[in-house]
Every structure is written in structure tokens, then in C-alpha cells.
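Here are my notes on this model. Please read them with the structure open.

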Amino acid sequence: MRKNSFFLVYLLLMVVQMLICNYFNLTPYVMLSILPVMVLCMPLRVPTWLTMAIAFATASAVDLLSEGLLGLNALALVPVAFVRKEVIRLVFGGELFARKEDFSVHKNSFGEILLAILMVQALFLLVYIWADGAGTRPFTFEAIRFGASLAAGVIVSLLVVGVLAPDTRK
């Protein structure tokens with residue numbers, strides 16, 4: 001995917017995240033976010049500091065225009081941007097960096113993509129739920145919320161990764 005089209009799709013998905021936050025509140029146990037996979041799929045040529053700045057701006061826009069609690073998504077998404085390249089290196093190997101190419105759905109296995117999504121979603125949700133609850137909710141509620149949100153987030157993220165990291169063989 002070309003650089004300009006990636007960021008256009010990224011902006012459209014940011015709007016989709018805002019719509020999810022505003023209109024698809026399933027239960028108090030499920031917090032659905034596609035932001036972690038959006039950051040994961042950013043091109044590898046984007047430096048970490050810029051990825052963190054983009055993640056902060058994206059999450060702040062979502063916080064401002066939908067969530068209501070300013071800074072919560074930003075607090076949870078910036079660590080995802082910070083560890084993104086290490087997650088990619090750990091899961092997909094260093095070959096992507098050596099070849100200077102981004103990962104795609106067809107170049108990498110489903111298991112690798114699923115593991116990477118699980119890792120970034122889990123990190124995002126751990127920080128988000130910890131900051132959102134701030135010790136005021138019981139641990140069992142938070143644990144159930146984490147598990148349900150992780151399951152729902154991974155399922156939706158698998159669809160998003162197909163859009164942001166398509167088959168580059170075409």
C-alpha cells in the first residue's frame with residue numbers, strides 16, 4: 001500500500017474508532033478498540049518517536065471527540081507505539097527490517113499476525129483498564145473486562161489488519 005493511501009485509510013479507521021466509541025457500547029465488560037492494530041500496521045520506515053506522536057494525536061482525537069475522558073486512550077496507546085518495532089521483531093523476525101518491507105497478511109502466517117495482535121491489544125487493555133478503573137472496581141470485574149475486551153478486540157483487529165496490511169503481491 002502506498003504511503004498516502006495508508007494514511008488515508010488510517011484516518012478513516014480513526015473515524016470508525018470514534019463511531020465505535022460513540023455508538024457501539026456493547027456492555028460494561030467490553031471495550032472495543034482498533035487503535036492498537038492501527039499503530040501495529042504503521043510502515044516500519046516510520047521512526048518510533050514519530051509513531052508515538054501519531055499514536056498520541058490519534059488517541060487524543062478519539063478521546064476528545066468520543067470517549068469523554070481526555071487522555072485515557074492516549075495513555076494506553078503510546079506504550080503500544082513504543083514497543084511496536086520490538087513486537088514485530090520478536091514475532092516476525094528481523095528479516096522484515098533487513099529487507100525494509102512491512103508485514104502483510106499473505107507474507108506472514110496467521111499465527112504470527114494473531115500473536116502480534118494479541119500482544120499489542122493486551123498491552124493497550126492492561127494500561128487502559130488499569131487507568132480507567134483506578135482501583136475503584138473489583139478485580140474480578142476488571143479481569144472479566146480484560147478477557148472479553150481482548151477477545152472482541154482481536155476478532156475486529158483481524159479484519160482491520162487485512163485492510164491496513166494487505167497482500168503486497170498484487
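1. Alanine 134 follows α6 and has a positive phi, near 50°. This is a predicted model: local features need pLDDT of at least 70, side-chain atom pairs count only at pLDDT 80 or more, and totals for chains, interfaces and linings use all residues. Residues are numbered from 1 along each chain as its sequence is written, and side-chain values use heavy atoms, with hydrogens and water left out.

2. Helix α6 covers residues 110-133. Helices here are DSSP runs (H or I, at least four residues), numbered from the N terminus. At 1.5 Å a residue, its 24 residues should span 34 Å, and the end C-alpha atoms are 33 Å apart, which agrees. The expected span is 1.5 Å times one less than the number of residues.

3. Buried residues of α6 include Ile113, Ile117, Phe124 and Tyr128. Buried means under 20% relative accessible area, exposed over 50%, partly exposed in between (1.4 Å probe, protein chains only).

4. Serine 149 sits in helix α7 (residues 139-164). Serine 149 is buried, at 1% relative accessible area. Beyond its neighbours within four places in sequence, serine 149 contacts Tyr29, Val30, Met31 and Leu125. Contact means heavy atoms within 4.5 Å.

5. There are five aromatic pairs (ring centres of Phe, Tyr or Trp, its six-membered ring, within 6.5 Å; planes under 30 degrees apart are stacked, over 60 edge-to-face, the rest tilted). Tyrosine 29 and phenylalanine 141 form a tilted pair, 5.0 Å centre to centre with 50° between the planes. Tyrosine 29 lies in the loop between α1 (3-23) and α2 (35-40) and phenylalanine 141 in helix α7, so the pair ties together parts 112 residues apart in sequence. Tyrosine 29 is partly exposed at 35%, whereas phenylalanine 141 is buried at 16%.

Key: Helices (H or I, at least four residues) and strands (E, at least two) are DSSP runs, numbered from the N terminus.
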